[in-house]
Amino acid sequence: MTTEYYIPEDNAPLPPKNCDVLTTACDYCIVACAYKVYRWPVGTPSGGPKASENAFGIDFPSAALEDWVAPTQHNVVMHKGRPHNVVITPDKQTQYVNLHGDASIRGGCIAQKVYNPDKPTRDRLKHPMVRINGILQPVTWDFALDIAAEVGKHVIKKHGANAYSVKTFSYQFLENMYAITRFSFRDVNTAAWTWHDTPSKATSTPGYRDAGFDNFAPSYEDWGAADTLLISGTDPYETKTIIFTQWIKPAIERGMKVIFINPRETGGTTFAKKMGMGLHLDLYPGTDTPLLGAIARIIIENGWQDDDWIKNWVNNKWETDSGFGQGTRNTPWQWRTTWGKFQTGGFEGYKKWLLAQNEYQLENAARITGVDAAKIRQAAEWLAKPKADGTRVKASFGIEKGAYWSAGTPNTNAVASLATLCGAGGRPGQVVGRFGGHQRGGQNGGSYPRNKSPEKVPGRRRRPLDTDRWLKSGHTRLAHVIGTTWMQAMAGTVGLQQAFEQMVTNNPHQVRSHDKQEIIDTLKKRTDSGGMVVWDHDIYLRDPIGSRFADIVFPAATWGEEDFIRANGERRLRLYSKFYDAPGDAKPDWWIIAQMARRMGYDGYDWKSSSDVAEEMSRFSRKSRKAYHMIKVAAHREGTTLHEKLRSLGSDGIQGPTFYNYETGELHGTKRLHDTTLTKADMDKKWGTDGPQGANFHSKKYTHFNSQTGKVNLQKHPWSLISDYWYWLQPRDGELWHTNGRINEIWQSGFDDTERRAYIAQRWPADTQFMEIHPDDAAARGIESGDLVMMYNERVPTFKDTILGVYKNHLQFDTLMKEGHIELGKGAVTAVAIVTPAIKKGVLFTNFLNMWQPTNSLQGAVVDIITGNYNYKLGIAKVRKLGESKYKSTFNSLSFVPRNLSA
Amino acid sequence: MSTETSTPRDEQKQERSAAAHNKVMLTRRQFLLYSGSTAVAASTISISLFPGSAQAAQARVVSYPRKFIARLSELKDNVPVDFNYPDELANSSAMIVKMGGVQAGGGIGPKRDVVAFNYICTHQGGPLQGSYVAEGPHRILGQCPLHLSTYDLRRHGIVVSGQAYESLPQVLLELDGDDIYAVGMMGLIFGRHKNLLES
């Protein structure tokens, strides 16, 4: 493995003039910067420093912002069985996303992620493996797949489809997601299914969805087009780097104000403040709702709301109720309104409700949130107080996980309503969205069988099955895990891990035979005796899911090893080119699924390549925000394939939804959704005269909002939805708030860079969790930077039962606690302390997914009532010093410098 | 500022050519391999950056010019002094600073608080001149004006916050009496495909 004794190189090869050049996009964060891969055989000359001698066509030494090859941007791979040099650098020619070829630290080092047996990627999974006598042993694909298919069929037949639980990444390329969902929903038809980041197939931002806002409606350029940008639950400089450096930073320099809502101050906030354009609302975790409510209240009390916008684009009482009580009642918006908790009957109703809530009075909100009242007032002024000439401030609103994973429903409702009061949503410079986490690789190949879920919340609809609780209750007999750690990524990690141990490792039916049929019979017996079998697709062997629990491990081929399509946070679709051979026998997930599905007797799955999968799946994308079907239509008219057409669009790609104009033969994309400024002429140009022609698809969201009327639903955002839990958690007896989150150096890249990129491992030694603590809290506990500390929580609440919610408050935390549905457990992780004023006093911050010291084990496994997702960012911990780590007295790695320190 | 022309030196102590420099490397390597880091502190040379990796560090010194940079006694606390290294060509701008008694990896002098770094941000080549910060126990360069990277000068220029793909190249220093020489470099200077363009 990589050690911190990393010695940087002082040279790097330049790609020669005649090398292969392929386009791709970064594999990591949502922003998906454009990259180029330069490839030439080992043993042939590298390029020279003169413009005529290298593939960049520039003289070296290069100047600032010009092409350059850092040593970490070079690697050696196998291509068609022969060693090749690759240099992977940001595309300096791109017209979008990472203008000027900008790059983050993650993408900048991406060449180090490819398989190279001489480097720390040497432990990539290369062969299918079956656990025999406790040891994972390499076998053939046929051997592993036959076992998987036979046991899978048995589990479904004997224990029902819901005993076959699938836990999968949601993003790792459209072709894979299509195969996985086709298999899971259309064929297995299991409700015990979810993504890597939720215990159930949950919506993280119900407030946006119910208001009518698509999470990814804006374009990146929109984030720099406001007068005031409110950013909640993230600092995009840390996560979403290039959105910040290329779009937000220049806007700040031009005079855009930015309000950051975050208990922590990092580089982007520091820069905005330094420029006099930043306002940092440093709240306690989970208190966004009172904070935003107070801002909304100040705006309404002063009459600063956007009355024109509200009149034209906000549902009034009748529109709010339209369709309600008749016809199709079964939409999320409608069933939720049956609670009466969110529905307002338009602006007047909202205003009346808001003014009646005590917690939104400024002084109360300041007390709950811990934010200075003057700063809350200033935020309201920045967002909505008319300019000197009487014109409106253009305000935009972007959120991320700190906001919607600390109190999902009330927080997202509150942001949506505040944004609507300010006239945001659907106009350049006035947009509402998410900044995003992972890239958008979802593609449904079937419908989730919601009616097979036993869970139901008060109201009408069933809620998707909670796979964690389902498993812990012993209902899961086969856990099919695709590219996720499962346990460490979920709150209440410890209880989940104990359930795996109980059902997998402690079950008496363990494989002791070389014989395939005996292995199958043993695993069947395990599932029949209340135990569980585990299949795991991954690129590295993960602990414990792979190394301790998996009965079968499937090695996956990934980025650069297969042609794949994916979209980014502005719906931009690109082909991610294959540029080298996958290690060993590794195969893409779509292939693994197809092989298993065919053996299980399901029809179809006869794809020969990822291009075949793409050809089949495109029509199912037509309703989606990244609808790419029309690229295929264009491709076929030009005699080519979807993949090849997309390849020809290079690293710029095209923004979905896409349109094809049959009259002009032009392919068109979509800059922003809900674009209320679009005219009929604009649309005619995209889809032909007088409405969508041919296979073009019409959707309300192009020009209106995703609601029952196309206008925005202005919703209540009751603090009471979460306040019982929040007050129960409130730190006592030496506890502090504990929140976790992403750090720039490891963000959406932890699946391969934490241990495997020398430089990143030097910055953050892989097996070392860190804990940021405020100097005052540290002093009170005798803790200094570099000390090894024990973080522990002696009251980790876990919601343990699958119960039906019938009456209004059935699933409120207080009720669950009173009725005995909450179990209290313990969590503990060690960490290296970083004493820094960058974190709010009274709050601890850790890296959200350090696999070795998972701090989700400190966070309660109590789901948001509406979303069914955990509030991962809301937790508590005690902390005490164990001793000193070696980092306290050495200088090789880590850094204790506050992230907000700057000249 | 360039010190070499403004400081008349004893014949014996003038900069050595790369070739001459290499001749003395054997003794340096032995020193690196067998001497404890604390013993090095106040001694004549101190280029043992990473425990256990002396050989690799040594490799970064071979063939680099030995260049006089400054006199220890003339460095003021937390006031960087500019120089160029390993040559006078593009992107060779560098700084040396005595960090007020705050010990650093690769630091020389009695308090091991004297370090030197290249000034060009390794992310996209932004200028870090004028961005030195000394606050409490922390010593950084940054934010870079282009994309806001900051670098920890106590820890071999590792990125604190930001986007750089490698640490800020650290200039390896040697102390000979009161004279400080630059003798090598850790990490590739932005814009170059090799640090030693003239070799």
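Is the crossing of α12(A) and α13(A) left-handed or right-handed? In this predicted model, the crossing of these two helices is right-handed. Helix α12 of chain A covers residues 362–369, and helix α13 of chain A covers residues 373–384. Their axes come within 9 Å. The crossing angle is roughly 115°.

Named residues define this helix pair. From α12(A), the contact draws on L362(A), E363(A), A365(A) and A366(A). From α13(A), A373(A), I376(A) and R377(A) meet them. By class, the contact has five nonpolar residues and two charged ones.

On the side of chain B, 51 residues are in contact with 45 residues of chain A. Several elements of chain B each supply at least two residues to the side that touches chain A. These are α4 (54–59), β5 (132–135), β6 (138–141), β7 (150–152), β8 (158–161) and β10 (179–186). The largest share comes from β8(B), with four residues. The side of chain B that touches chain A divides into 20 nonpolar, 23 polar and eight charged residues.

Attention then turns to the nonpolar core. The largest such core holds 322 residues. Within this core, I295(A) and L173(B) touch the most other members.

Technical notes:
Residues are numbered from 1 along each chain as its sequence is written. Chains are lettered from A and ligands numbered from 1 in the order in which they are written. This is a predicted model: local features need pLDDT of at least 70, side-chain atom pairs count only at pLDDT 80 or more; totals for chains, interfaces and linings use all residues. Two residues are in contact if their C-beta atoms, placed from the backbone, lie within 7 Å. Ala, Val, Leu, Ile, Met, Phe, Trp, Tyr, Cys and Pro count as nonpolar, Asp, Glu, Lys and Arg as charged, and the others, Gly among them, as polar. A nonpolar core is a set of buried Ala, Val, Leu, Ile, Met, Phe, Trp, Tyr and Cys residues joined through C-beta atoms within 7 Å. A residue is buried if 20 or more other C-beta atoms lie within 10 Å of its own, exposed if 12 or fewer, and partly exposed in between; C-beta atoms are placed from the backbone. Axes are lines fitted to C-alpha atoms, for helices over the stretch in contact, and angles run from 0 to 180 degrees between N-to-C directions. A crossing is left-handed if the near helix is turned anticlockwise from the far one by less than a right angle, and right-handed if clockwise.
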